[in-house]
Amino acid sequence: MPYKLSATLAAHTSDVRALSSPSNELVLSASRDSTAISWQKSPTEPTFTPASVLRAGSRYINSVAYIPPSSDAPKGYAVTGGQDTVINIFSLASPKDEPDFSLIGHTENVCALDVTPGGAIVSGSWDKTAKVWEGFQLKYDLKGHQQSVWAVLAIDEEQFITGSADKTIRLWKQHKTLHTYTGHKDAVRGLALLPDLGFASCSNDSEIRVWTLGGDLIYTLSGHTSFVYSLSVLPDGDIVSCGEDRTVRVWRDGECSQVIVHPAISVWAVSTMPNSDIVSGCSDGIVRIFSTSEERWAKESDIKEYEDKVASQALPTQQIGDVKKSDLPGLEALTAPGKKSGEVKMIRNGALVEAHQWDSNAGTWQKIGDVVDAVGQGRKQLFQGKEYDYVFDVDIQDGVPPLKLPYNVTDNPFSAAQNFLESNDLPLTYIDEVVKFIEKNTAGVNIGTAGEEYVDPYTGASRYRSSTNSSNPAPASTYMDPYTGASRYSGASQSEPAVQTTPSSQASYMDPFTGASRYSGPTKPTPAPTANIVPVSTSIPFKQANVSAMQGKLHQFDEALRHEISTSALAMYPDEIGAIDEAFAYLYNATSTPPRQPSQPLTASHVEAIIQILDRWPSSQRFPIVDLSRLLTGFCIEAFERPDLKGRFLEALFKASDWSSSWTPPLPKPRETNILLLFRTLANIFQDGLRIGDGAWIRQIFEALGQVPYASLNKTQRVALATILFNASCVNLKSPFESNIRDQHLALIFRVLESESADSEAVYRALVGLGNLVVAAKEHDRPLSGSQSGETSQCTHALPTSFPEERIRNITREISALL
């Protein structure tokens, strides 16, 4: 009988990265949602329900294993490992919030776990080591791999096998290497023991290899079209594999006997049960069980729903092969049987091209998707003389024509995003957002291919792997900047002083930078407003945040510093850790929906901790603490009220951004990121209700900003700089600056307006800031000097020519009328 869907286990909210199914009634799953779940089979129904949810922290859980029952744990233990570098052990008989045991020793992500027959734990980590733990104490440290240890396998209490990103496999006797197996052309991702034969390995090179323990290669299994992530072995000796080509494959006698296609981009993990059922875990956050036993099959309606989901997926032509549409047979071709399981046939069905796969067990063709952009379908688009499957319009800022993002379904989304950002002089801090945008708008065609050079350190994949359900992407507001933890900044948000553009009716098309809905071509500007634009008294904050990701990254960097002899003195001190965690607890409440009242306010001591860390940490690892500063100034400005503290905080921020270093472009990427976060922090400081005091700290900011060569800043930094000047003008409306500070402020605005030649958003924000200053000068009877009025007039006459946009004409006309 063929494998068919038996059960669907849905409770995780992110990718399921690891599985263990030690019995027919128990499944353990680990997920990027920071939980592991123990699923128990119902005694009366063929369904599984969560018996307990295990959570030891807020970081990804990437590995899971099971220790059989003992006198102190009658239901056994669940073992989990992940980004927090700790191995946690939970008793399944009485699961608690806190683990029963925690094993500390690894310094980076624990990505692989296995258990010996006697209950010892074997772990593998990105720290290039594997470790053996007996009695919950470290027994052996397995050192020798040159890169991350992605896979571990326990043979017995003294022999272990490890697979690594260095493309090698090692057999260990206690802590010594007995043999090194070479042959894979890419990272080794999974291992499985084959009794009386040896073991099997799988790799990012898309192959499965079967070896003897002595080192002989018995045979190779080829069939997967992308990375192979995980292996398991059925009771009868058949091998089960899964991978990035969204399939689970069953191998018998060296041949693929069945291919189970999944409605997800990645099948991360596979496990087998004693009754020969197969368990899979996917990027859509779902655990599925498949069975050959008809009495365990799901209801016919559930199976049909699953098959319909699979059939609705879009497949790129490079996965199937280019065939002219006119040469394809019609539906009648499906009456002829296939030659072997997994064989794919393309057929014409009206105007569509469909891909069908032969299932030799069922003796039928199964539709596995619609082929997109097959040659002859006429959907190619030209861009700069080349043909592409897609050419997206991407709005970077309001009021200017969109940028073009060309993309082929054969492209690596990460590479396409990187090329787009570099060719448009945009910071690489946006790369994850652009990748998500591509994956959303190509609706499932991004099925990975082997042979890519880029490797994501989190997933081992050749492209960014979203932590959300790929087929149901998160709404625009949840897209996170990987450096800042912030949602992309919208050039047309409600709080900013910009003329709104009218979104297209294609609401499902989401721009990764602005969140705007666009189909193609620039939107028409709205008619000129009749109401006055200035004064605008509401500042533009940069408050978007992914607090848990920021906290995780900061602690990850701290651990890396702590475990390196040369940098251990730079790690956070216990009191600093306490202060930083209190700051994050405050932000969790402040950024929740709806916001909750923090249990205790933040004080100068929390700011002092940030200053100390900014002063010590290396440039490449400062960005989480600079970003934390951004949020604290946005949500808790009262913690910075002490005048001397504010000055020292600003001094530490500028120093952390290497402000006094050379500005000759290109700037190093860490410095570029830190400068952007610095600007956003300064923008947040200028907010409603701000106490100016003697204004020394404002002079300090303006003096420093006057030192930067404007040409050395990228587009995003220029917009952030213009936002600082605009926000300061909002404060000046209610609490006028001293004359010398206003002179500094005006000089910076004139510098932006006279230097900017391409970015209209930076110009517009600076112009509205200038308008606010002119209004304040009239209201408070403190007129501009003759030279300042002359320079203002010169700018308002010249800019509409350089930036022929309605909003620029409106604001310059209004400022001219105020002079």
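The aromatic pair count here comes to 20, where rings of Phe, Tyr and Trp (its six-membered ring) pair if their centres lie within 6.5 Å, planes under 30 degrees apart being stacked, over 60 edge-to-face and the rest tilted. You are looking at a predicted model, in which local features need pLDDT of at least 70, side-chain atom pairs count only at pLDDT 80 or more, and totals for chains, interfaces and linings use all residues. Residues are numbered from 1 along each chain as its sequence is written, and side-chain values use heavy atoms, with hydrogens and water left out.

Start by selecting Tyr77 and Phe101, an edge-to-face pair at 6.1 Å centre to centre with 70 degrees between the planes. Tyr77 lies in strand β7 (residues 77-82) and Phe101 in strand β9 (residues 101-103), so the pair ties together parts 24 residues apart in sequence; strands are DSSP runs (E, at least two residues), numbered from the N terminus.

Next, pick Tyr140 and Phe160, which form a tilted pair: 6.2 Å centre to centre, 50 degrees between the planes. Both are buried, meaning under 20% relative accessible area (1.4 Å probe, protein chains only).

Now move to Phe654, Trp659, Trp663 and Phe679, which form one aromatic cluster.

Finish with two charges over rings (NZ of Lys or CZ of Arg within 6 Å of the ring centre and within 35 degrees of the ring normal). Lys543 lies over the face of Phe635, 5.0 Å from the ring centre, and the charged end of Arg807 sits over the ring of Tyr764, 4.7 Å from its centre.

Definitions and conventions. Helix = DSSP H or I, 4+ residues; strand = E, 2+ residues; numbered from the N terminus. Buried < 20%, exposed > 50% of the residue type's maximum accessible area, 1.4 Å probe, protein only.
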